[in-house]
Amino acid sequence: MSTRFRTLTPALTAATALLATLVVAAALLALGGYPPGDAFAALFRGAFGTWDRFVSFTLVRATPLLLTGLAIAFAFRARVWNIGAEGQLHAGALAAVAVAVALPGAHGLVVIPATLLAAAAAGALWASAPAAMKTGMGVGEVITTLLMNFVALFMAQFLVQGPLREDRGVFNQTNEIPPAAHLPDLIPGTRLHLGFLIGILIAIALWLYLTRTPGGFRLRAVGASPRAAEVSGRFRAQPVVWLAFLASGAIAGLAGGVQVAGVTHRMYEGLSPGWGYTAIAVALLARLNPLAVVVTAIVFGALSAGGGAMQRDAGVPEVWVRGIEALVILAVLAVDRSWQALTSRGSRG
Amino acid sequence: MAEFGALSSFLVAAVGLAVPLALAALGETVSERAGVINIGLEGSVIWGALGGALGALALGPYGGLAVGVLAGGMAALVFAAFAVWLNTDQIITGTAVTIGSLGFTGAVFQSRFGATGLALELPTVPAWEVPLLARIPAVGPAFFDQAVTAYLAYLLVPVLGWFLFRTRRGLALRAVGESPEAAHAAGVPVVWTRMLAVVFAGLAAGLAGAHLSLVHTGTFAENMSAGKGFIAIAVVVLGRWNPKWVIAAALFFGGAEALQFALQAVDADLPYPLFLALPYVLSLAALAGWFGRSQAPRGLALPWPR
């Protein structure tokens, strides 16, 4: 098999998976009694119809998915199954609001970095409990990170109903953060904020780390086979696992901080519609490549932005989009398996 | 019997909340003993709840239970087709099945009943009082004045214990979970065993979901599974993959959930989100404690053939 074909495969897999998803989603929509053509057209118009729809909706929705997607991709590269990005995002958002509200008079150059650092630190802290349980006690991280998500959601609920509740006392939400803490707009006249650029810079940084540094090599080695990495005697797997947890948690926490500083300007119950879970689809479709996550996050941002339009214009419930996300994951897995079967047969024969 | 009043109502709530956890966890015990961890269990629970609701509207409460069981099994079949037959990663596949199930059940529910949030009223499954046993002070009404789902959970404990540890097929199933290579060499059909174990877990989780809609609440709401499937997986670990300890762990969690009602009755100003978080925090604490060190089946979550 030619090397040229091999380098094409990741993009080809993603494209095939998306096509398969489209076909299955169309069939399911038809089964549900909705004309698939109308639904897809409405979705497409909602996501890409005008420049403003694309920038102020699709790219803005893509931003938390970009950051959480990077968090998942980095952890999964090390075979750390962090399913807890949702909880880490909530921890980050809470910390960001708490810090920003506590610094009312400060200049933006002080308060914005402080806010975002607090968010990253809180996300890392939230990930440290499952990390300690995995490395210290051998408890699998899948179930612990999942359980931590629920703890974070209820903690957020508790804080916005009680200690952090707005002074007006009308809604279950925090006070608005001071204007100095708002992230600046990236493109004037749109709602796209600095967070999107931060996401792209982190994607580049992670890609450089993974492909160009010894630390990145160690992380990929542990991901390929933790036992082999350990047995080789060159390095220990545990610090790598810790790094994967903490970096992943920090980036997911940052997603929460960026969302409150850039879009909502306050914290409330139900801040995230499940970005931490959608992020798994984002990362997998990108084949865990940080640069590709930028593209797949925009794809899922478009799904999210188009979902509302699909409900409004074609009467298809917006929750359909959640189902489509699951179809993407399954399609990637299935296409991947088929490719593996094909290529291994090819190399043997 | 008045002195048992508070204790009795706490126990009634505890057992009622433990039943869905016990059903889902007992099923998952079989699946994990065969080497498959199904994070998609949450998906089977929510399909069971919706299937139960739709089934009950058409066929009455018991028909609803049956439809719920089948719906849970269908979700598990999708998981098994990928994770066992296609041999995809169990964790990622299970996560996808959960996300998709929460999405599609919401979509079906909204298509059928609208997005207005109007509460749906379902025919509920009545409690059956076991003669004599239900008269035992305090524990009697809690354990022996429950719906049929509770009795099925009790029944599953000895049946699964006998099957897993006393029969040849049970031995073969555990062999598949410990060492699929050795089981395969001994002539055990690894893929089929795993498929059946996963589907069984899905059927049980479907019953757990139907319990939520047809026994516990009498209605359906989107996302009403609320992480029960995930807690059930923690319950399996705490119960050391042994049915009798699994049901004990489920009762412990039912008790933790029931505690919020008892404490709120004492002081209504206590912040309820903290009590809602309690079962999840307890799960984590228990996993971190002595339970965490217990041995999982060695082949758990590993693909086969490798």
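This is a predicted model: local features need pLDDT of at least 70, side-chain atom pairs count only at pLDDT 80 or more; totals for chains, interfaces and linings use all residues.
A:Trp126 counts as buried, with a relative accessibility of 15%, because the buried class covers values under 20%. Helix α3(A), residues 51–77, and helix α10(A), residues 237–264, pack with their axes 7 Å apart.

**Surroundings of A:Trp126**

- A:Trp126 belongs to helix α5 of chain A, which spans residues 108–137.
- Beyond its neighbours within four places in sequence, A:Trp126 is in contact with A:Gly87, A:Gln88, A:Ala91, A:Met148, A:Val151, A:Ala152 and A:Met155.
- A polar atom of the A:Trp126 side chain lies 3.1 Å from the backbone oxygen of A:Met148.
- A distance of 15 Å separates the C-alpha atom of A:Trp126 from that of A:Val80, a residue 46 places away along the chain.

**Packing of α3(A) against α10(A)**

- The two helices meet at an angle of about 175 degrees; α3(A) and α10(A) are therefore roughly antiparallel, since angles over 145 degrees fall in that class.
- On the α3(A) side, the contact residues include A:Val60, A:Pro64, A:Leu67, A:Ala71 and A:Phe74.
- On the α10(A) side, they include A:Leu243, A:Ala247, A:Ile251, A:Leu254 and A:Val258.
- By class, this contact comprises 17 nonpolar and four polar residues, with no charged residues.

**Helix α10(A) and its end**

- Helix α10(A) has 28 residues and reaches 39 Å from its first C-alpha to its last, close to the expected 40 Å.
- Of the 28 residues in α10(A), 21 are buried, and the helix is mostly covered.
- A:His265 follows α10(A) and has a positive phi, near 60 degrees.

**Loop residues with positive phi**

- A:Arg79, a residue other than glycine, has a positive phi near 60 degrees and is found in the loop between α3 and α4 of chain A.
- A:Arg79 counts as partly exposed, at 40% relative accessibility.
- B:Arg240, also other than glycine, has a positive phi near 50 degrees and lies in the loop between α9 and α10 of chain B.
- B:Arg240 is partly exposed, with a relative accessible area of 38%.

**A buried loop serine in chain B**

- B:Ser225 lies in the loop between α8 (190–217) and α9 (228–238) of chain B.
- With a relative accessible area of 1%, B:Ser225 is buried.
- Not counting residues up to four places away in sequence, B:Ser225 touches B:Glu42, B:Val45, B:Ile46, B:Leu102 and B:Leu212.

Conventions
Residues are numbered from 1 along each chain as its sequence is written. Chains are lettered from A and ligands numbered from 1 in the order in which they are written. Side-chain values use heavy atoms; hydrogens and water are left out. Axes are lines fitted to C-alpha atoms, for helices over the stretch in contact, and angles run from 0 to 180 degrees between N-to-C directions. Helices (H or I, at least four residues) and strands (E, at least two) are DSSP runs, numbered from the N terminus. Angles under 35 degrees count as roughly parallel, over 145 as roughly antiparallel, 65 to 115 as roughly perpendicular and the rest as oblique. Contact means heavy atoms within 4.5 Å. Ala, Val, Leu, Ile, Met, Phe, Trp, Tyr, Cys and Pro count as nonpolar, Asp, Glu, Lys and Arg as charged, and the others, Gly among them, as polar. The expected span of a helix is 1.5 Å times one less than its number of residues. Buried means under 20% relative accessible area, exposed over 50%, partly exposed in between (1.4 Å probe, protein chains only). A polar contact is a pair of N or O atoms within 3.5 Å; within protein, one must be able to donate a hydrogen and the other to accept it, and residues adjacent in sequence count only if both atoms are side-chain atoms.
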